[in-house]
Amino acid sequence: MGPTAGASTPSEPRDASERGPVHDLVINLAHPPLAAGRFWAVQAMIVAVFAVHIVTTVGPVHQVVSVPDSTTDLLLFIPIVYGGAVFGLAGSLGAALTGIALTVPMELVMHHRAVEVWEEWAVLITTLIVAIQVGHQYEVERRHRKLLRQAERTKIESELRALVVESESKKRLARSDELFHDAFESNTSGMFLTDRYGRLKSVNRSFCEMVGGVDDDLIGRTPLEFTHPDDVSLALEQYRRLSTGDVARVRYSTRYLHDDGRVLFGEVSIACITDDNGAPDTFVVSVRDVTEERALIAELEHQALYDPLTSLANRTLFEDRLSRARAYVARDGGSNAVFLLDLDDFKYVNDTFGHGVGDELLVEFARRMERVTRASDTLCRFGGDEFLYLAQGLTGSYQEIAHRLLSVVSEPFNVAGTNLEQRVSIGVVVTAVDSMDNDELLRNADTALYEAKRRNKGGVVLFTNDMYDRASRRFELLRDLRAAVGTDQLTMAYQPLVDLTNDHVVGFESLMRWRHPLHGAVAPDDFIALAEQSDLIISLGEFAVREATMEAAAWGAFEGRPPFVSVNLSTNQFRDPALLAMVDDALARSGLAPNRLVLEITERAALADTAQVATVLTHFERSGVRLALDDFGTGYSSLSHLTRLHPHIIKIDRSFIVAAEDDVARRALLEAMVSLCRRLDFTVLAEGIETEGQLRYVKELGCELGQGYLFAPAMPAREVRQHLPLSYPRSPATVTSTPDSSQLIEYVARR
Ligand code: C2E
Ligand code: CA
Ligand code: CA
């Protein structure tokens, strides 16, 4: 590098040995270029340029004003050019170097020559710095590019990945769409989608079937159109809750209307799908048809609490109400009344007209009862032909209610084209304090009913405590009777049946006797009635047949014609399928000729219109066993039934014979009955002949046979055997009180 001194640099010789550094400093200060104002101007320009550069590249200013490097370079160029112009090449370079090593104005402290040396070094260092800077710049650039490339790659990768994810989720979405469609269409529950306004967008087959339509017709309509009018507000409320975001899903039960008018019960579940803004977009609704389920449950509930025939409350429900009524009385006072109603002789209706008619009568009776049942009271079918009526918090008298209940049978019942007069007996229990539990209450009502039946059918009897005693005595008696079967407590007695034309005894009616070990003789009317309430009558009846046939077989010949024996059969026995075999067996064992056995049946048993009766009648007719119609005139017989039954003997009930003496109307009836029977070729027997007058009268009527205390009461078997043959004269012997067999024997012996 050349001398830095320009044209104006002082040229006087200088010797370094002669001059010290202080001198140099003074010289330097006193001489150009340092003294030259232009030199300082160049330096100032450079400082300014660097100041601008530093300010604009460093710190916060840079972020506001960004001056490109080229601008600084350009600015620097000005002092360099200026320096060049004023001081020549050296000036130019100096200016440049000064710019570079600005912070240390070397010229101030160094000898001019040293400055020159320094300048050389400065150029070198500058070059070095520039090289380093260029290298650094390159490195920065390179890294920058690398980073850019990396970023680019990452971006592409993530985009690629996004693409892959997108396509996969699309696939998944398509798959789940497919699954949803399958689940939607083939779902057995009804399903539909609605838009935010509740209009149907899509409907599955099941729902179409539920409301009776095809999906094309349903789309665009709202499900409220198929909702039961009473349930619409409920449905609206549910949609409102979903729309406001109160809940994400609702479940409720509702009724839908099928196109054909049917009402269906549905269990509805609705989910709401929202759009990106959270507003409801689609409602997904599924409806399970629970109509059949409900019907079944209702049916089961109903069956558990209601009688299937009459639809009245059953015993279970009644007892529940009864318990409540008792609790009510215990708390609030007052009283309850329980009425137990029983249709009189309902069995007769069943037997005569068949069970279908019996059922019809029960249903009609139930309907009539419902009409007189107060809202606060409970009506129940207790079973069979028994009904219960509970008057809770009885206000009036129990008689008032009983009267109301009895009024339902005041009109005849028209069932199966027949007018039936039906009576009803009622047992009543009234309780003011809660002194009886349900079972006791019902037992006592039953006791009162029994009493009502016993006294006078078609009446009302209020339970009293003495009835309870009687009922328990009855219970004990039945227990003892059961134990008596097969012991010598039970025997058969025989009452003569007399031929009124010649006073000869032609047969005996066998009558059962029970000698109770404590109570003595018990009347058959009492113990037979007891036995008839259970199957005990079957064993008693068998005993009677076996005993009587054995006994009669032992009676010897009587004027060539041995007496027959007649045995009473109860209605229940007549229905017993084992009856025929039992009678045949008794005949076979005893050796008694079948035509010497007469079976006495009451009208009720005989007139039952059942196949069993026909079988029994045909069987006896074939085997030669004959039938007697007992207690004729007291029952229900229409005379036309007689021809079908064709009994051998008709036994006119004692009540007719007794009344005939002074009751003109009955007398006329009796005369008509006898004349008819005779015309039909039946043998007429008059029961209960006690007086000569009665005997005369029945003979006048044309009765062929007679029976009664006038001739003899029933006697023990051994007495019959001892005194056969028997015959009765038309004597003035009058029996005023019930004779015993010893009286009869005396009577027989006297003649
Ligand atoms: P029933 O079949 O009408 O029998 C006639 C009843 O009248 C008998 O009463 C008899 O003793 C009674 N009697 C006979 N003559 C006279 C009379 O002149 N005046 C009065 N006041 N009564 C007379 P008993 O023996 O007390 O029997 C009552 C009822 O018990 C019978 O009425 C019958 O229905 C039933 N019974 C008796 N034994 C049997 C039996 O072995 N089997 C069945 N199923 N019932 C029987
Ligand atoms: Ca009889
Ligand atoms: Ca009789």
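The following legends describe close-up views of a predicted model.

**View 1. Residues of the largest nonpolar core.** The largest nonpolar core contains 74 residues. Those touching the most other members are Tyr494, Leu597, Phe620, Ile652, Leu670 and Val698. Helix H17, which spans residues 536-554, supplies the largest share of this core, with seven residues. Apart from this core lies another one of 32 residues, including Leu341, Phe387, Leu405 and Val428. As a general point, nonpolar side chains tend to be buried together in soluble globular proteins.

**View 2. The surroundings of Leu670.** When neighbours within four places in sequence are left aside, Leu670 is in contact with Ile652, Phe656, Ile657, Ala660, Tyr697 and Leu701. Leu670 and Ile652 are both listed among the core residues that touch the most other members.

View 3. Glu600 belongs to strand E17 (residues 597-602) and Asp630 to strand E18 (residues 626-632), so the pair ties together parts that are 30 residues apart in sequence.

**View 4. Two calcium ions and the residue that coordinates both.** The calcium ion (ligand 2) and the calcium ion (ligand 3) are 3.9 Å apart. Asp630 coordinates both ions.

**View 5. Burial of Glu600 and Asp630.** Glu600 counts as buried because its relative accessibility is 2%, and the cut-off for buried is under 20%. Asp630 has a relative accessible area of 8% and is therefore buried as well.

How values were computed. Residues are numbered from 1 along each chain as its sequence is written. Chains are lettered from A and ligands numbered from 1 in the order in which they are written. This is a predicted model: local features need pLDDT of at least 70, side-chain atom pairs count only at pLDDT 80 or more; totals for chains, interfaces and linings use all residues. Side-chain values use heavy atoms; hydrogens and water are left out. A nonpolar core is a set of buried Ala, Val, Leu, Ile, Met, Phe, Trp, Tyr and Cys residues joined through side-chain atoms within 4.5 Å. Buried means under 20% relative accessible area, exposed over 50%, partly exposed in between (1.4 Å probe, protein chains only). Helices (H or I, at least four residues) and strands (E, at least two) are DSSP runs, numbered from the N terminus. Contact means heavy atoms within 4.5 Å. Donors are N, O and S atoms within 2.8 Å of the metal (3.2 Å for Na, K and Ca); water is not among the atoms, so sites may look incomplete.
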